[in-house]
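Morning, everyone. Please put the model up on the screen, and I'll walk you through it.

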Amino acid sequence: MTADTTETAAVEYGVHVRYEGDDDPEKCTARKLASFDLAELHRSDRATPYGVVLNPHADRALSPADADASNVVALDCSWESAGEAMFSLPGEHRALPYLVAGNPVNFGRPMQLTTVEALAAALCIFGREDRAEELLSKFTWGHTFLELNEEPLRRYADCADSAEVVEIQQEYLDRE
Ligand SMILES: C[S@@+](CC[C@H](N)C(=O)[O-])C[C@H]1O[C@@H](n2cnc3c(N)ncnc32)[C@H](O)[C@@H]1O
């Protein structure tokens, strides 16, 4: 049997977190990922690799058009300190489109995702659901996030660009 030459190689994204350290370390999802070597924590902007920065204040929505990035980067800090000015990292800043949290603290609430949920969502939109599952597998509620967002994540991953993602997002916002 000959290999299917139309298949493209899966991209191995680096998973990075600019770690601010002002949130409860016991509940911090980024620290837990790092303890399993599933993410690298960085203590300064300068030390954080360039990539797609997951920033809820960004003007542009994340889409498969960003999938050529090498790294996916989140900022782990408390939501109290997560104002626009905190996102001073160099990189391509993108907001995640409408998704709901699966974690017990914010269950069912849109947009305010934990760091692991945000990273997993980005990986799904880039077609790497396997990597997303790997990250979420370390959390008892991890799979709930994928179940709750199965349809929107699948639809966002099929979009060509940010404009299409925003169009689909609007359908979910209109249902709120
Ligand atoms: C504010 S921190 C809170 C982290 C929490 N302490 C934890 O342990 O997971 C969550 C980070 O996930 C990313 N994030 C969450 N929701 C997002 C959204 N709607 N759009 C883009 N990034 C988002 C951002 O990098 C954000 O700073």
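This is a predicted model: local features need pLDDT of at least 70, side-chain atom pairs count only at pLDDT 80 or more; totals for chains, interfaces and linings use all residues.

Start with what the record says. UniProt, in an unreviewed entry, has a domain annotation over residues 15-46, named "RNase L inhibitor RLI-like possible metal-binding". That span is 22% helix and 25% strand. Its end C-alpha atoms lie 16 Å apart. A further UniProt annotation, also from an unreviewed entry, covers residues 52-173.

Now the ligand. Which residues come nearest to the ligand? There are 22 residues around it, and the nearest are Thr 29, Leu 54, Leu 96, Thr 114 and Ala 118. S4 gives the most, with 3 residues. What about residue classes? The shell has 14 nonpolar, 5 polar and 3 charged residues.

Take Leu 96. Find it in the loop between strand S5 (92-94) and H2. Is Leu 96 buried or exposed? The cut-off for buried is 20 or more other C-beta atoms within 10 Å. Leu 96 has 21 C-beta neighbours inside 10 Å, so it counts as buried. Leave aside its neighbours within four places in sequence, and Leu 96 is in contact with Leu 54, Leu 62, Leu 113, Ala 118, Ala 121 and Ala 122. Notice Leu 54 and Ala 118 in that list. Both were also named among the residues nearest the ligand.

Next, Thr 115. This one lies in helix H2. Thr 115 has 23 other C-beta atoms within 10 Å, so it is buried. What does Thr 115 touch beyond four places in sequence? Its contacts are Val 17, Thr 29, Ala 30, Ala 74 and Asp 76.

In general, two packed helices are described by the angle between their axes and the distance between the axes. The partner is helix H5, residues 150-157. The axes of H2 and H5 come within 8 Å and cross at roughly 45°. That angle is why H2 and H5 are described as oblique to each other. On the H2 side, the contact is made by Ala 121, Cys 124 and Ile 125. On the H5 side, Leu 153, Tyr 156 and Ala 157 make it. By class, this contact has 6 nonpolar residues, no polar ones and no charged ones.

Zoom in on Ile 125, in helix H2. Ile 125 has 30 C-beta neighbours inside 10 Å, so it counts as buried. Not counting residues up to four places away in sequence, Ile 125 touches Leu 62, Ser 63, Pro 64, Leu 153, Tyr 156 and Ala 157. One distance to check on screen: the C-alpha atoms of Ile 125 and Asp 59 are separated by 18 Å. Along the chain, those two are 66 residues apart.

Now a backbone detail. Most residues other than glycine have a negative phi. So look at Asp 37. Its phi is near 60°, a positive value in a residue other than glycine. Asp 37 is found in the loop between H1 and strand S2 (40-42). With 7 other C-beta atoms within 10 Å, Asp 37 is exposed. Met 111 also has a positive phi, near 75°. Met 111 lies in the loop between S5 and H2. Its 14 C-beta neighbours inside 10 Å make Met 111 partly exposed.

Last stop, Arg 43. Look in the loop between S2 and strand S3 (52-54). Arg 43 has 11 C-beta neighbours inside 10 Å, so it counts as exposed. How far is Arg 43 from Val 17, C-alpha to C-alpha? They are separated by 8.8 Å, and sit 26 residues apart along the chain.

That's the tour. Questions, please.

Notes. Residues are numbered from 1 along each chain as its sequence is written. A residue is near a molecule or strand if its C-beta atom, placed from the backbone, lies within 6 Å of it. Helices (H or I, at least four residues) and strands (E, at least two) are DSSP runs, numbered from the N terminus. Ala, Val, Leu, Ile, Met, Phe, Trp, Tyr, Cys and Pro count as nonpolar, Asp, Glu, Lys and Arg as charged, and the others, Gly among them, as polar. Axes are lines fitted to C-alpha atoms, for helices over the stretch in contact, and angles run from 0 to 180 degrees between N-to-C directions. Angles under 35 degrees count as roughly parallel, over 145 as roughly antiparallel, 65 to 115 as roughly perpendicular and the rest as oblique. Two residues are in contact if their C-beta atoms, placed from the backbone, lie within 7 Å. A residue is buried if 20 or more other C-beta atoms lie within 10 Å of its own, exposed if 12 or fewer, and partly exposed in between; C-beta atoms are placed from the backbone. UniProt positions are given in the numbering used here, feature names are shortened, and annotations may be inferred rather than shown by experiment.
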